[in-house]
Amino acid sequence: LATSTTIGYGDLRPETPLGKALTAGYALLVVSVFGYITSCVGDAIQPDSDTSIGFGGEEAQWGLSVVDKLLGRSLHDPSHYSLSRNNSLKVSLVCKVFLLVLLSSAITLQLDPSLTPIDALYFVVMTLTTVGFGDIVAVTARARAFEVVLALLGLGLFSSFTDLVGEWRALVPPPKGASAKLATAAQCAATLAATLGIGTFAFAAAEGLGWADALYLSAMTATTIGYGDVHPATDEGKLVACAFACLAVSAVGFVTSSVGDWLQDSLCAVWEGEKEA
């Protein structure tokens, strides 16, 4: 589970060269498959015709899958399930995520009474954002079984929530013209600087970390890498990590996806140039 979801708590990890090689191959093969499964589950819980089309099919066929028919979605036009255009869906999504986090935190407390309520909240949010620092992990069979359920039911739903948080980007007009690439690069640089700057200041204040460690913790949280060698130790720091992860993941995702698009466009341009030559 920790490998398939990229949470990677680190409490269970391969020790042998063969185990590490198998884990690397398994991750490359399974991560995208598990991502598709969780997005399908998330779509069943909270539909969004902007990004996910039921359990497959084009937008013109949206709502024609078996699951969507069972849920009565074929009775509506796809725009009815557009998260960006339907404010009631946004409220519904926020409420579902709130209930998911609240109930999951309560169950985590029942499964491990040694945790505090803030620890339980921190564990749930770090799981759903796939940061997974590994400082708090499930140790019993029941707790690990609940982890599996939480990941299957919650990752896709929480991903839609972080997409909703990232809708601030719609307020910024997309760059056009000859300077579009330069403007996009400036937006990415400003977004990254602002995100890491806020995180660095917040972690330094809450945890009493030096600026270098606070910046490192901010980057490891925003990118969901979460190695865990530096992690929040205080209640204040854990609350900061929860809030920052929810806000920063979509912002840094925008930066990394923009960089990926630029690399892809550059490689395609080189490839097309070689073909013409």
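## An enclosed space

On a 1 Å grid over the protein atoms alone, a cavity is a set of points where a 1.4 Å probe fits but cannot get out. Searching the whole structure, which is a predicted model, turns up one cavity of 30 Å³ or more. The largest cavity has a volume of about 30 Å³, where volume is the space filled by probe spheres set on the points, and points are joined across faces, edges and corners.

Around the largest cavity you will find Tyr9, Tyr122, Phe123, Met126, Gly132, Phe133, Gly134, Asp135 and Ile136; lining residues have an atom within 4 Å of a point. Sorted by class, this lining has six nonpolar, two polar and one charged residues. Here Ala, Val, Leu, Ile, Met, Phe, Trp, Tyr, Cys and Pro count as nonpolar, Asp, Glu, Lys and Arg as charged, and the others, Gly among them, as polar.

Thr6 is not a glycine, yet its phi is positive, at about 65 degrees. Look for Thr6 in the segment before helix 1 (17–45); helices are DSSP runs (H or I, at least four residues) numbered from the N terminus. Thr6 is partly exposed, with a relative accessible area of 39%.

Thr224 also has a positive phi, near 65 degrees, and sits in the loop between helix 7 (211–222) and helix 8 (235–276). With 18% relative accessibility, Thr224 counts as buried (buried is under 20% relative accessible area, exposed over 50%, partly exposed in between, using a 1.4 Å probe and protein chains only).

## Reading the model

Residues are numbered from 1 along each chain as its sequence is written, and side-chain values use heavy atoms, leaving out hydrogens and water. Local features need pLDDT of at least 70 and side-chain atom pairs count only at pLDDT 80 or more, while totals for chains, interfaces and linings use all residues.

Key: On a 1 Å grid over the protein atoms alone, a cavity is a set of points where a 1.4 Å probe fits but cannot get out, and a pocket is an open set with protein on both sides within 12 Å along at least five of seven lines; lining residues have an atom within 4 Å of a point. Helices (H or I, at least four residues) and strands (E, at least two) are DSSP runs, numbered from the N terminus.
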